[in-house]
Amino acid sequence: MKKQISFDCIQAEDFFVQHELEKMAPKVRRAHEMLHAGTGPGGEYTGWVNWPETYDSEEYARIKHVGAVIREKAEVFIVIGVGGSYLGSRAAIEMLCPAFHNKKTKFQHKAPEIYFAGHHISSSYMSQLLHLVKDKEVYVNVISKSGTTFEPALAFRLFRQLLEKRYGKEEARKRIFATTDKKQGALKELADQEGYETFIVPDNIGGRYSVLTPVGLLPMAVAGIDLDAVLAGAADAMELCGKPDIYDNPSYYYAALRNLFYSKGKAIELLVSYEPSLSSLAEWWKQLFGESEGKDGKGLFPASMSFSTDLHSLGQYVQDGRRHLFATTLWIETPNTQAEVIVPEIEDNLDGLNYLAGTSFSEINRKACEGAILAHTKGGVPNLRINIPEATPYYFGQVVYFFEKACGVSGHLLGVNPFDQTGVEAYKQNMMRLLNRLSIF
């Protein structure tokens, strides 16, 4: 029987008393009922709750087929999207593919180089990316429900022009795949007009909850990630995180504790990892919780750190700074390494590390994690821990669903709509006004 993702709050037990958590149990149950019945704020966007069982099997088969075709023909695959349109697939690729997968040959990795665009407006980045792909076979997946989201729309203009100039319009349309609304929007209209193959962004699932839909699955398929395993992990997590009781549901236990710490004056949650491969997962987590809870003057600020790297920069603040934060550590129990790295013995021993000769880097990393948790806990920082058995597609599916479920319930506990993001529009309105002003002169 496979292990399951697990939640551990042992290093946080000095910061709350049990009856405080028990008082939250009825609130969690009500939040659970609203989430599953779709009766809470934003209930029309809860299609992700049962998605591992209700996804469209025909579209899913088409995703796998198209992914295999692109993997066979492309040298470079460009994913164009912003926010939830790219963070989930990037998290999966970085967690599950070799660290330097874009530096390996297609034959070695059996997948094209994968790059992301449309998630910012940097001229330098776009110029360098366009130069990088100029002599390579390029395929593009543009992801936008409306087709008018500013950053990806700009990026798609560039790559659409590049493909049409290089290959002609007929061949270019075979290399462009649109993930967009089923019926309407600028991208849907263009896809129908040009004949791009399209995949659907479900109407009842918001962008940051869309990792396991075509939004995330097509780039994963191109990367060679086992989609069946991803969805199997999510389905098992749906069962694991489907019970209304805090103590029987690790995602609800996590959601309840983070809200309890918030009520005690903690304003920041640090998501800590000890593997560089989890950095983009942390970025996805930040959007998930930041957009879901940061409204109505409420919400924890979601931040992330990569240890042991950040122990040498921000560790001082965590240890001795203002006590307005708590930490949640993502820990991979069995690192996904092809060969363990062992500390060698050196004759001169000038660094004094010969006592570690024969010890694996993984074991040292584990002790760094244990040491940091102990130090920060003693320094007044509650520490939670989420244990991921292995860095595999199955457990990626599990951790995605774990956080989605925790976030949905956590938002309801906080008293906000966890499925809207009206505040995102403010900068866009100002930017467009300023751009229109520039066009006058």
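Helices and strands here are DSSP runs, helices of at least four residues and strands of at least two, numbered from the N terminus. The structure in these figures is a predicted model.

**Figure 1. The loop between H13 and S8, seen at leucine 300.** Leucine 300 lies in the loop that runs between helix H13 and strand S8. Its relative accessible area is 7%, so leucine 300 is buried, the limit for that class being under 20%. Setting aside neighbours within four places in sequence, leucine 300 is in contact with Arg258, Tyr262, Lys266, Ala267, Ile268, Glu269, Glu293 and Phe326. Phenylalanine 289 is 11 residues from leucine 300 along the chain, and the two C-alpha atoms are separated by 8.2 Å.

**Figure 2. Aspartate 296, a residue with positive phi.** Aspartate 296 is also placed in the loop between helix H13, residues 279–293, and strand S8. Most residues other than glycine have a negative phi.

**Figure 3. The cis peptide bond between phenylalanine 307 and serine 308.** The bond that joins phenylalanine 307 and serine 308 is cis, with omega at about 10 degrees. Most peptide bonds are trans. Phenylalanine 307 belongs to the loop between strand S8, residues 301–306, and helix H14, residues 315–320. Serine 308 lies in the loop between S8 and H14 as well. With a relative accessibility of 5%, phenylalanine 307 counts as buried. Which residues does phenylalanine 307 touch, not counting those up to four places away in sequence? They are Val272, Ser273, Tyr274 and His376. Tyrosine 167 is 140 residues from phenylalanine 307 in sequence, and 45 Å from it in space, C-alpha to C-alpha.

**Figure 4. Asparagine 349 in the loop between S9 and H15.** This loop connects strand S9, residues 325–334, with helix H15, residues 361–378, and asparagine 349 is found in it. Asparagine 349 has a phi near 50 degrees, again a positive value in a residue other than glycine. Its relative accessible area is 27%, so asparagine 349 is partly exposed.

**Figure 5. Glutamate 363 in helix H15.** Glutamate 363 is a residue of helix H15. At 31% relative accessibility, glutamate 363 counts as partly exposed. Isoleucine 342 is 21 residues away along the chain, and its C-alpha atom is separated from that of glutamate 363 by 9.6 Å.

**Figure 6. Leucine 217 in helix H10.** Helix H10 covers residues 214–222, and leucine 217 has its place there. Leucine 217 is buried, since its relative accessible area is 3%. Apart from neighbours within four places in sequence, leucine 217 is in contact with Tyr60, Ile63, Val211, Leu212, Leu227 and Leu231. Tyrosine 167 lies 50 residues from leucine 217 along the chain, and their C-alpha atoms are separated by 27 Å.

**Figure 7. Cysteines in a structure with zero disulfides.** Cysteine 369 is buried, with a relative accessible area of 1%. Cysteine 97 counts as buried too, at 9% relative accessibility. The structure as a whole holds zero disulfides.

**Figure 8. The whole protein, as a setting for the close-ups.** The secondary structure comes to 17 helices and 10 strands. The C-alpha trace spans about 65 × 65 × 55 Å along its principal axes. A compact globule of 441 residues would have a radius of gyration near 22 Å, and the 23 Å of the protein agrees with this. Of these 441 residues, 51% count as buried. The protein exposes about 20600 Å², and carbon and sulfur atoms supply 52% of that area. Among contacts between residues at least 6 apart in sequence, 79% join residues at least 24 apart. There are 47 positive and 53 negative side chains, and the centres of the two sets lie 5 Å apart.

Terms used:
Residues numbered from 1 in each chain as written. Predicted model: local features only at pLDDT ≥ 70, side-chain atom pairs only at ≥ 80, totals over all residues. Heavy atoms only, no water. Disulfide = S-S within 2.5 Å. Buried < 20%, exposed > 50% of the residue type's maximum accessible area, 1.4 Å probe, protein only. Rg over C-alpha atoms; globule rule 2.2 N^0.38 Å. Contact = heavy atoms within 4.5 Å. Areas by Shrake-Rupley, 256 points an atom, 1.4 Å probe, with all protein chains shown as cover. Lys, Arg positive; Asp, Glu negative; His and termini not counted. Charge placed at Lys NZ, Arg CZ, Asp CG, Glu CD.
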